[in-house]
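This report describes two local regions of one protein model. The sequence and structure are shown first, and the description follows.

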Amino acid sequence: MKQIEWSNGELSLLDQRKLPLSVEYLKCVNFMQVYDAIKTLAVRGAPLIGVAAAMGVVLASKESAFEPLSKIKTYTAEAALKLRSARPTAVNLMWALDRMLPLINSDEDDLTSYLKALEREALAIWAEDIDLCDKIGAFGAELIPRDASIITHCNTGSLATAGSGTALSVIRHAFRQGKNIHVYADETRPLLQGSRLTVWELCEDRIPCTLICDNMAAHVMKTKNITLAITGADRIASNGDSANKIGTYGLAIAAAYHGIPFYIAAPYSTVDLAVSSGKDIVIEERQPDEVCRCGGVRVAPEICRAFNPAFDVTPAELITGIITDKGVIYPPYDEKLRKAALRK
C-alpha cells in the first residue's frame with residue numbers, strides 16, 4: 001500500500017483520516033485539492049506534506065498549460081504561496097516549496113522544458129525523502145539495544161513520509177536487526193494518530209506493540225522498564241528546541257524525570273537555522289471541535305470551550321540527541337546543527 005502515487009499527471013494521496021477502518025485515496029488533479037488534503041490532515045507528517053506540496057506545484061503548472069508561459073508562471077507562484085499557508089508549523093512544507101521556487105520563477109521560455117523541470121525537481125524531493133528515511137533508520141538503530149522497550153508519540157512512519165518514516169524508521173531498522181523490541185504507542189489525542197496510524201503500521205509489520213492512552217505514559221515509564229523514548233519533529237530551532245505533535249513536551253518531561261533518554265528523529269530539512277529558539281516557532285491552532293469529539297462522536301457539552309494547539313515545543317535540554325540523515329547530533333545543538341549543514 002502506497003501513501004502517495006503519481007501517475008499520468010494525477011496525484012493520489014492515501015486519505016489518512018479514514019484509517020484504519022478503510023483504505024481510500026484522494027485523486028488530485030489541481031493544486032487546491034492538494035492544499036485541502038494538507039489542511040484537513042488527509043495527508044500529514046512534515047516530510048510527506050513537503051513532498052505533496054511540491055507535487056501540488058507541478059499540478060498547478062499544468063492547470064493552465066494552454067495559457068502564455070508568463071501567466072502559467074504567475075499562477076504557479078500564487079499556488080506555491082497558497083500551499084505554503086496550509087500549515088504553519090511544519091518547516092518541511094516551506095523547505096520543499098523553497099526548492100521549487102527558483103524553477104517556478106526561472107527564465108525558461110519553453111513550456112515543455114518548464115513543466116518537465118518542475119516535475120523533475122518535485123520527484124527528486126520525493127526520492128530524496130525515501131533515501132533520508134533509510135539513513136535516519138540506520139543511524140538511529142545503533143542507539144537501540146537488544147530487548148528494548150520504546151515509547152513513542154503520534155505517527156512517524158511511512159504515513160508521515162515518502163519512505164519508511166523517521167522515528168518508526170529507527171524502530172523498523174532495529175526490529176529487522178533482530179533486537180527483540182517492544183513499542184508502547186501513545187494514542188495521541190485529539191485525532192488519535194498514534195492509535196489509528198502508528199499501531200496500524202506496527203501491526204502491519206508484526207512489530208510487538210502496546211497501545212496506551214496519552215495520560216498513561218509516565219506510569220508506563222515507571223512500571224514497564226522503558227529503555228528510551230523517540231518521536232519525530234515538525235520544526236527544529238537552531239538551538240535544538242523541537243516542535244512536534246502536542247503531548248511530546250509532556251513525554252519528554254516524564255522521560256527526564258525517570259532518567260530515560262529522549263530522542264528526536266527527523267530529516268535535516270526539519271532544522272530551521274533561521275529560528276533561534278522554540279519561542280519563535282509558530283504553533284498551529286486547529287478547530288476546537290476536534291477536542292470536543294473522539295472518533296467523530298461528540299464527547300463534550302455543546303456549549304463548552306476547547307483549546308486545540310496542534311504542536312508543542314520540547315526544550316533542547318530535554319533532548320538526548322537528534323537523529324538525522326546526517327547522523328546523530330548531540331548537544332550543544334547550536335554549534336553542531338550548523339556544522340551538520342556542511343555534511344553530505
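**Strand β15 and its pairing partners**

The model is predicted. Within it, Ala265 stands opposite Ile323 of strand β15. The two strands concerned, β10 (residues 262-265) and β15, run parallel to one another and are joined by three bridges.

Strand β15 also pairs with strand β16 (residues 327-329), here in the antiparallel sense and again over three bridges. Ile322 has Ile329 of β16 as its bridge partner. Two residues separate β15 from β16, and the two strands form a hairpin.

**Burial of strand β15**

In a regular strand, side chains alternate between the two faces of the sheet. Strand β15 spans residues 321-324 and is covered on both faces. Gly321 and Ile323 lie on one side, Ile322 and Thr324 lie on the other, and all four are buried.

When neighbours within four places in sequence are set aside, Gln33 is in contact with Lys27 and Cys28. Leu59 is 26 residues away from Gln33 along the chain, and the C-alpha atoms of the two residues are 9.8 Å apart.

Methods: Residues numbered from 1 in each chain as written. Predicted model: local features only at pLDDT ≥ 70, side-chain atom pairs only at ≥ 80, totals over all residues. Heavy atoms only, no water. Buried < 20%, exposed > 50% of the residue type's maximum accessible area, 1.4 Å probe, protein only. Pairing = 2+ DSSP bridges. Contact = heavy atoms within 4.5 Å.
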